[in-house]
Amino acid sequence: MTSKSLSGGAIAALPRHRLLGEFSLWSADLANMERDLRRIEPYVDLHHIDVADARFTPGFLFFPDFVARIAKLTAKPIHVHLMVEAEIVEEQTRQFIEAGADLVSVHAENGEAGLRAVALAKELGAEAGVVLRLETPVAEAEPFLTEVAFFTLLGTSIGVKGQSLSDKACDRLHEARSLMKRAGREKDIVLAADGGIREQTVPLLRAAGAETVVLGSLAFGDTDLPGRIAWLHALETGP
């Protein structure tokens, strides 16, 4: 596979006319990662890599050396989601961009440290995004919207796989879209849904305005991946 070169421009170049396929490598076979990367490479728009510090969220998840390895095996953009405490978010942003992340998303709950991490990501040549826990009011992301390229809403409790989508998720996407409009950045920010991604929930999220969904078992567990991605791309957004 061709290795990628770091560029925030890779995020700006993502197609906006259809739903994006963002593949969570947490759902890949970690013992056979290169095999799984070869399988998904023709279909993935972004690789999604979760990072957790076992304080902001349960458990530990991936490290900069993992991202560095993935960056050598793909030409597609890498999106790192930092689920970490405010006191380390800036240093983690630097480490993961140096490892090869094209986009680093930080939590609005990190406050001023999160805003500094967003500025640092852009200074280092990458793009930045903002993420909200399910229980955090959507309005908490407003200070970030002038600077970010992605706005991700979690539809389940943070850091735990296999949960059902919250019945609040679609309303929160509508609210996020309204915030983006008021900021004058609706066309500049990709609105993302992460968590509870199932065959029956993706059409609902798309109709509510999601422009990308973070795919786990729905993609990696599908024996007909080309058919699954064709289905994904055909889903229509709401009015």
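The buried residues of α3 pack against α2 (33–40), β2 (46–53), β4 (78–83) and α4 (86–99), where packing rests on contacts, meaning heavy atoms within 4.5 Å. Helices and strands here are DSSP runs (H or I with at least four residues for helices, E with at least two for strands), numbered from the N terminus. This is a predicted model, with local features needing pLDDT of at least 70 and side-chain atom pairs counting only at pLDDT 80 or more, while totals for chains, interfaces and linings use all residues. Residues are numbered from 1 along each chain as its sequence is written, and side-chain values use heavy atoms, leaving out hydrogens and water.

Back to α3, which spans residues 64–71: its buried residues are F66, V67, I70 and A71. "Buried" means under 20% relative accessible area, "exposed" means over 50%, and "partly exposed" is in between (1.4 Å probe, protein chains only). Looking down the axis of α3, these buried residues fall within an arc of 135°, so they line one face of the helix. That arc is taken from the directions from the helix axis to the C-beta atoms.

Now for the strands. β7 (residues 150–154) is mostly covered, with five of its five residues buried. Both of its faces are covered: F150, T152 and L154 sit on one side, F151 and L153 on the other. β7 pairs with β6 (residues 127–132) in the parallel sense over four bridges; pairing takes at least two DSSP bridges between two strands. Here V130 stands opposite F151. β7 also runs parallel to β8 (residues 190–194), joined to it by five bridges, and V190 in β8 is the bridge partner of F150. From β7 the chain crosses through α6 to β8, and this β-α-β crossover is right-handed, that is, clockwise from the first strand over the helix to the second with the strands pointing away from the viewer.

On to the charged pairs. A salt bridge is a side-chain nitrogen of Lys or Arg within 4 Å of a carboxyl oxygen of Asp or Glu, and by this rule the count comes to 15.

| Pair | N to O distance |
|---|---|
| E211 and R16 | 2.8 Å |
| E34 and R69 | 3.5 Å |
| R177 and E211 | 3.4 Å |

R16, R177, E186 and E211 are linked in a network of salt bridges. E211 is buried, with a relative accessible area of 11%, and R177 also counts as buried, at 15%. R16 is partly exposed, at 34%. As for the other pair, E34 is partly exposed at 29%, and R69 is partly exposed at 46%.

Finally, take a look at D222, found in the loop between α8 (217–220) and α9 (225–234). D222 counts as buried, at 15% relative accessibility. Its side chain reaches the backbone nitrogen of D224 at 2.8 Å. That is a polar contact: a pair of N or O atoms within 3.5 Å, where, within protein, one must be able to donate a hydrogen and the other to accept it, and residues adjacent in sequence count only if both atoms are side-chain atoms. Leaving aside neighbours within four places in sequence, D222 is in contact with R39, S217 and R228.
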